[in-house]
Amino acid sequence: MPGAGPRQVARVVLLDADDRILLLHGFEPDDPADSWWFTPGGGLEGEETREQAALRELAEETGITDVELGPVLWKRYCSFPFDGRRWDQDEWYYLARTRGTEAAPRPQALTELETRSLAGLRWWTSAELSVARETVYPTRLAELLQGLLDEGPPRAPVVLAPEIV
């Protein structure tokens, strides 16, 4: 749809009781060596709100439904090539907390594209994220997470610099 603007996306910064963050491991479908880590989330469907999309995507991609959805932490525009096309996205990152991390999270309802491009997911500590050699999106996530843990959520969403890949 020309002129429709960027895809509206809701993402979740999911923290457990130990302040670990849950990230998904994705890869380019035609090149599994081209991989990265990212927060759960995805595009809005129909008339749903960003909050509804955040909770739906989290449930679909991780199976986790016992969460308290908090405020929007960050907003960013990003544009990247994936699966043979360019994706332009307006992303909002919501804080969420869960207490139920004893069982390993597992995707429950993936799209065909997600099935072809997800390698798994895992919990990361802030320290692990800060020394990670893998690509992580948004690229400043280690710094942003540490700031969140040290200072708490911002009073208003922080607008991150656009990321064009």
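Start with the aromatic rings: this predicted model holds four aromatic pairs. Select Trp36 and Phe82. Their ring centres are 6.0 Å apart and their planes meet at 80 degrees, so the pair is edge-to-face. Trp36 belongs to strand 3 (residues 31-38) and Phe82 to strand 5, so the contact ties together parts 46 residues apart in sequence. Both Trp36 and Phe82 are buried.

Next, select Trp37 and Trp124. This aromatic pair is also edge-to-face, at 5.1 Å centre to centre with 80 degrees between the planes. Trp37 sits in strand 3 and Trp124 in strand 7 (residues 118-124), so the pair joins parts that are 87 residues apart in sequence. Trp37 has a relative accessible area of 8% and is buried; Trp124, at 2%, is buried too.

Now colour by secondary structure. The protein has four helices and ten strands, and their order along the sequence is β-β-β-β-α-β-β-α-β-α-β-α-β-β. Of contacts between residues at least 6 apart in sequence, 70% join residues at least 24 apart.

Move to the largest nonpolar core, which has 17 residues. Select Val13, Ile21, Leu23, Trp74 and Leu129, the members that touch the most others. Strand 1 (7-15), strand 2 (21-28), strand 5 (67-82), strand 6 (85-98) and helix 4 each supply at least two residues of this core. Helix 4 gives the largest share, four residues.

Keep Trp74 selected and show its surroundings. Beyond its neighbours within four places in sequence, Trp74 is in contact with Val13, Glu91, Trp92, Tyr93, Leu141, Leu144, Leu145, Val158 and Leu160. A second, separate core has 13 residues, including Val12, Ala54, Val67 and Val72.

From Ala54, go to helix 1 (residues 50-62). Its 13 residues should span 18 Å at 1.5 Å a residue, and the end C-alpha atoms are 18 Å apart, which agrees. The buried residues of helix 1 are Arg50, Ala53, Ala54, Arg56, Glu57, Leu58, Glu60, Glu61 and Thr62. Just after helix 1, select Gly63, which has a positive phi of about 80 degrees.

Finally, colour by pLDDT. The average is 89, and 88% of the residues score at least 70. Where is confidence lowest, and where highest? Helix 2 (residues 112-117) is lowest, with a mean of 66, and helix 4 (residues 141-151) is highest, at 97. Where pLDDT is low, the predicted coordinates should not be read in detail.

Methods. Residues numbered from 1 in each chain as written. Predicted model: local features only at pLDDT ≥ 70, side-chain atom pairs only at ≥ 80, totals over all residues. Heavy atoms only, no water. pLDDT = per-residue confidence, 0-100. Contact = heavy atoms within 4.5 Å. Core = buried A, V, L, I, M, F, W, Y, C linked by side-chain atoms within 4.5 Å. Buried < 20%, exposed > 50% of the residue type's maximum accessible area, 1.4 Å probe, protein only. Expected span 1.5 Å × (residues − 1). Phe/Tyr/Trp six-rings, centres within 6.5 Å; stacked < 30°, edge-to-face > 60°.
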